[in-house]
Amino acid sequence: MAKAASDQAVQLETFTVSTDIGAYHEETSSMATKVPTDLKDLSSSLQILNQNAISDRNATTLQDVFGYLTGVTQNQTNINGFTFRGLPVSGSYDQNIEFDGLMGTPLKKSAQSAADVDSLEFLKGPNSVLYGQMHPGGLMNIISKSPLDEDQVDIRVTGYTFASSFNPLGTKGGGTASVDISGPIDSSKHWLFRVIGDVEDDTASRPGDFDHLVSLFPSLTYKWSADSSFTVKLETDADYRRQDDGVFPVFTSPAILTPVGTTKSAAYGPNATYYMAPFDTVYQNTYDNGRDKGSALSTAFHTVVGPFTVRVATRSVWHADYTQEDTDNSTNVFFPKATYATPSTKIERQYNLIINGHRWNSMDANAFGVFGPAFFKNTIIFGVGGGTEQFDNQRYAFGPVTTPALTILNPIINQPFTNGLEYPANGTAVSNTNNRSTSFGEYFSDQMQIYDRLHVTYGIRSDQYVQSGFDPLNPIKTPYQSEIVRAVTEQIGAVYDLTNFLAVYSSWSQSTTPNTVTDVNAQGQSGFPPETGVQFENGLKVETVDHKFFASLCYFYIDRTNVLVAENGITILATGQAVFRVDGAQHSEGTEFESEWQPLPNWQIQVGGDFEKAFVASSLSNPYTVGDDLVSAPRASGTLWTRYNFTHDPLRGLGVALGVIYVGKYWAGDPTSTAYFTVPGYTRVDAALYYKWRRNDIALNIQNAGDRKYIQSVQSAEYMVPGEARKITLSLERKF
């Protein structure tokens, strides 16, 4: 007789497909005040792209989402290659880019992995009171992921292909793979860990370009209690890529007399016209390469002592980047010799071998507490912050010009220099500039809530900077220089709640940062006064009681003074040193709008707009430039992102999204040179499809859906970076 079947049934796990979308809006932040504060109670502008906003855009690197920050325009491919509110923050130093509130980037010239990024916070305008040295346009803070107290395994893979006029669908692509493992180590959940690994083949759309990135992010937390914890985070990154200096404008307009002098130029003014080679034209050899590598060690301690919450954070970073190429990013490359290209120009690339080393050791320690009666509540924070920074710029060669010269159209690359060698010998124009700096500051801030509706903030900081610089290979041209700079900055702001959902605010804030110590005046002396910034901002903020709708509208103006500029190519005859001077001021003013709205649990909208003018406000050595627009500062820009999930069968589990990035036309070059011209604006449209099946999240993202040809950033008249062609990315993410 057959054995009777068991009466026991196997109960399968039930999966529920949620159609809700995680909110893009964050109700509170600690960035603007270093104390958890409602965004509506801040007397300044703060934009946050949280984890929901970043993941919906299917970001693998931070470059995938930077364009969705209001008031941010990219002008270089470096991590700090931006203008904030029309004012530049790029250069050899990275004061305006912070990681968990402290300076130090492991990668500088390559894309930063988004695998370990929890959110991006962009604080508009100056805030040296809490963060020390910075340029006045704003501060971007990259918040990293921390260990979780619940088990989580998150595996994500992506694959992409370009589908453009010069990369047909399926002919070129790449992909990424990441794993994120976190949870408690012991049953009492005192020990928590997290390990994130990310491998990326982030190939660009231009022919022959490649970019390989490997990143590892382990972290460990020990929690004594709910109020006390200590976290250690490590990061290591290695990037290897094909070096690509982009394309350049070829000017065709009639030469006109410029304000620079008696020189005529076809590349100056609003009527300057030009064309570029097709965007699949590359002037670098396939073996020209760049490498970035870096490691970081961060710690964060948090506890409660009496009425105070005490926090101590540190960050140490070791970074190096290496570039070896025949570059066209130099005014020496145009033949016949000129400062810009014309249709008859040929390109004599210049050999370039450089290694940059950067070391940061940063710290911040503070304590905050709440005091006073309910009708006059004071949230007081006081602390110290600072650190050391070391920057070594080692140039092994900057020349000679390599032959044969290339044509602008259809250039023939990979031609050996001589005797079959890829590059000439090192030794031309070698240098080894070593800069050292130490900073230390003390700060105090008081946030006062007066009765129920008035919020007043006042803060003050005192900083001291010690700098020195020297080039041991060129001691006459760059002799040892040192200086001590002291600065005091303040800020004050007020917010008044007109109703329980509408508030008005006004604020005044300052910034400061030392000028480069190795720059000298006509007498060979350094010690220029520090750059300073002042901002006034007034605005409105609206947040509904259910926090489903938030909007802010503001008017701002910023003055940047003590701007250091070169004296039109003048050098000291005896030493060859370039002559600098503190030259006037820059000004930016405009109106910004930002909003996050969740009209339905399954529908999310994020929108922003920026209308501003950033220009030269005064100049002693170049008075004709007063009123000229600053470069890479569009007068209008805006973004839109919206996602909708279908709630009913048969489309339940399916979601759609649309993104738009608009950048108006802007100026490039330099108004004090013979090349100062406009760059056309552009509108880029992104789209996405999502499907959730059990524990699997599947997404298909299309970046630049219209395959728009546009210039993403301009560093000079010799270096224009085309935007990426249409890119189709399929991703699969599974959480356990």
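Buried means under 20% relative accessible area. Met103 comes in at 11%, so Met103 counts as buried. Keep in mind that you are looking at a predicted model. The chain has a mean pLDDT of 92, and 97% of its residues reach 70 or more. The exception to flag is residues 1-15, where the pLDDT is below 50. Beyond near neighbours in sequence, that stretch has 3 contacts in the model.

**Around Met103**

- You'll find Met103 in strand 8, which covers residues 102-103.
- Met103 and Arg315 sit 212 residues apart in sequence, yet their C-alpha atoms are 7.5 Å apart in space.
- Leaving aside neighbours within four places in sequence, the contacts of Met103 are Gln95, Ile97, Glu98, Arg315, Trp360, Ser362 and Glu389.

**A buried charge**

- Asp154 belongs to strand 11, residues 152-162.
- Asp154 is buried but has no salt bridge.
- A salt bridge would need a side-chain nitrogen within 4 Å of a carboxyl oxygen.
- Not counting residues up to four places away in sequence, Asp154 touches Ser178, Val179 and Asp180, along with Glu733, Arg734 and Lys735.

- Strand 4 and strand 5 (residues 82-84) are held in antiparallel pairing by 3 bridges; Thr73 has Thr83 of strand 5 as its bridge partner.
- Another open sheet, also described by 3 strands, runs in the order 19-41-40 and has mixed pairing.
- Strand 19 (267-268) and strand 40 (666-669) each have a single partner strand, so one side of each is left without a neighbour in the sheet.
- Strand 40 runs antiparallel to strand 41 (residues 675-679), and 4 bridges join them. Look for Gly669 opposite Tyr676 in strand 41.

- Strand 33 (residues 549-561) pairs with strand 36 (residues 585-600) in the antiparallel sense, over 13 bridges.
- Arg560 stands opposite Gln586 in strand 36.
- On to strand 37 (residues 603-618): strand 36 runs antiparallel to it, with 14 bridges joining the two.
- Ser595 stands opposite Val607 in strand 37.
- How many residues lie between strand 36 and strand 37 in their hairpin? There are 2 residues between them.

**Aromatic pairs**

- The count of aromatic pairs comes to 28.
- Take Tyr287 and Tyr423: their ring centres are 5.6 Å apart and their planes stand at 85 degrees, so this pair is edge-to-face.
- This pair links distant parts of the chain, 136 residues apart. Tyr287 is in the loop between strand 20 (274-275) and strand 21 (289-305), while Tyr423 is in the loop between strand 27 (406-407) and strand 28 (431-450).
- Buried or exposed, these two tyrosines, Tyr287 and Tyr423? Both Tyr287 and Tyr423 are buried.
- Elsewhere, ring pairs tie Phe549, Trp597, Trp603, Tyr644 and Phe646 into a cluster.

- The peptide bond from Gly399 to Pro400 is cis, with omega near 5 degrees; Pro400 is in strand 26 (residues 376-401).
- Asp649 and Pro650 are also joined by a cis peptide bond, with omega about 5 degrees. Pro650 lies in the loop between strand 38 (636-645) and strand 39 (654-663).
- Lys34 isn't a glycine, but it has a positive phi of about 60 degrees. You'll find Lys34 in the loop between strand 1 (28-29) and strand 2 (37-38), and it is buried, with a relative accessible area of 9%.
- His547 has a positive phi too, near 65 degrees, and is a residue other than glycine. His547 lies in the loop between strand 32 (531-543) and strand 33, and with a relative accessible area of 33% it is partly exposed.

Terms used. Residues are numbered from 1 along each chain as its sequence is written. This is a predicted model: local features need pLDDT of at least 70, side-chain atom pairs count only at pLDDT 80 or more; totals for chains, interfaces and linings use all residues. Side-chain values use heavy atoms; hydrogens and water are left out. pLDDT is the predictor's confidence in each residue, from 0 to 100. Contact means heavy atoms within 4.5 Å. Two strands pair if DSSP finds at least two bridges between them. Buried means under 20% relative accessible area, exposed over 50%, partly exposed in between (1.4 Å probe, protein chains only). Lys and Arg count as positive and Asp and Glu as negative; His and the chain ends are not counted. Rings of Phe, Tyr and Trp (its six-membered ring) pair if their centres lie within 6.5 Å; planes under 30 degrees apart count as stacked, over 60 as edge-to-face and the rest as tilted.
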